[in-house]
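Please keep the sequence and the model in view while reading.

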Amino acid sequence: METRILLLRHGQSVANIEKFFAGRTDIPLTALGEEQARMAAESLKDLHLDRIFSSPLERAKLTALPFATARGLEIEIIPELIEWCAGKWEGMHFDDLKEAFPEEYYYWKNDVSHLRMPSGESGYEVRERVGRALEGLCEKCKGQTVLVACHGGVIKTVPSYFAGCDDKLFNQTKVPGNCSITEVVFENGVGSVARYSDDSHLGNIKSEAFII
């Protein structure tokens, strides 16, 4: 029995264009981010979805909303798919992180699998949290196709988790683009990534992936 989970990164946020680390802070979408969500929903209007889920953060819920409205579905919240807890990095401009937290910044750029956010989560903790949440969702939605609106830092961990917690892959995987889709397919309870950061449905309103 096949179960498909489509991970939809939220549309462009204010943090993405102002280049600060949002983490779990509730940050609004930009006008472009709202348009990306509408475009994605319109482009994928014929895609069958049994259920729609979201992280608790508003930027994710607002991205899921056009999909839910078009199908008459409720948005169900998955707390475990919230963004990284960034601790002292929350709200900091990316340019300031290198000076304020040189060791953590090094790991962010070179070895995110071993990064621990100051007073926040580690890469290992996030990957385990996200992977287990997706496995639980598969059990909950066996045989269905579901959409999950969530975050770049969350989705970045997914290929590594389903490749046996491969640290090298974790480090090499880029943050997915805004409103892109990453597809995880479960066959008999075993998950694999079928596609990553697919934003072909956005036409000419794609935005460069930056920061979580």
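Q: What makes Lys98 part of a helix?
A: Lys98 falls within helix α4, residues 94-100; helices are DSSP runs of H or I with at least four residues, strands are runs of E with at least two, and both are numbered from the N terminus. The model is predicted: local features need pLDDT of at least 70, side-chain atom pairs count only at pLDDT 80 or more, and totals for chains, interfaces and linings use all residues. Residues are numbered from 1 along each chain as its sequence is written, and side-chain values use heavy atoms, leaving out hydrogens and water.

Q: Why is Lys98 called exposed?
A: Its relative accessible area is 55%. Exposed means over 50%, buried under 20%, and partly exposed in between (1.4 Å probe, protein chains only), so Lys98 is exposed.

Q: What span does helix α6 reach, and what is expected?
A: Helix α6 (residues 123-140) has 18 residues and reaches 26 Å from its first C-alpha to its last, close to the 26 Å expected. The expected span is 1.5 Å times one less than the number of residues.

Q: Which residues of α6 are buried?
A: Among them are Val126, Val130, Leu134 and Leu137.

Q: What makes a set of residues a nonpolar core, and which members touch the most others in the largest one?
A: A nonpolar core is a set of buried Ala, Val, Leu, Ile, Met, Phe, Trp, Tyr and Cys residues joined through side-chain atoms within 4.5 Å. In the largest, of 36 residues, Ile5, Leu7, Leu81 and Leu134 touch the most other members. Helix α6 gives the most to this core, with six residues.
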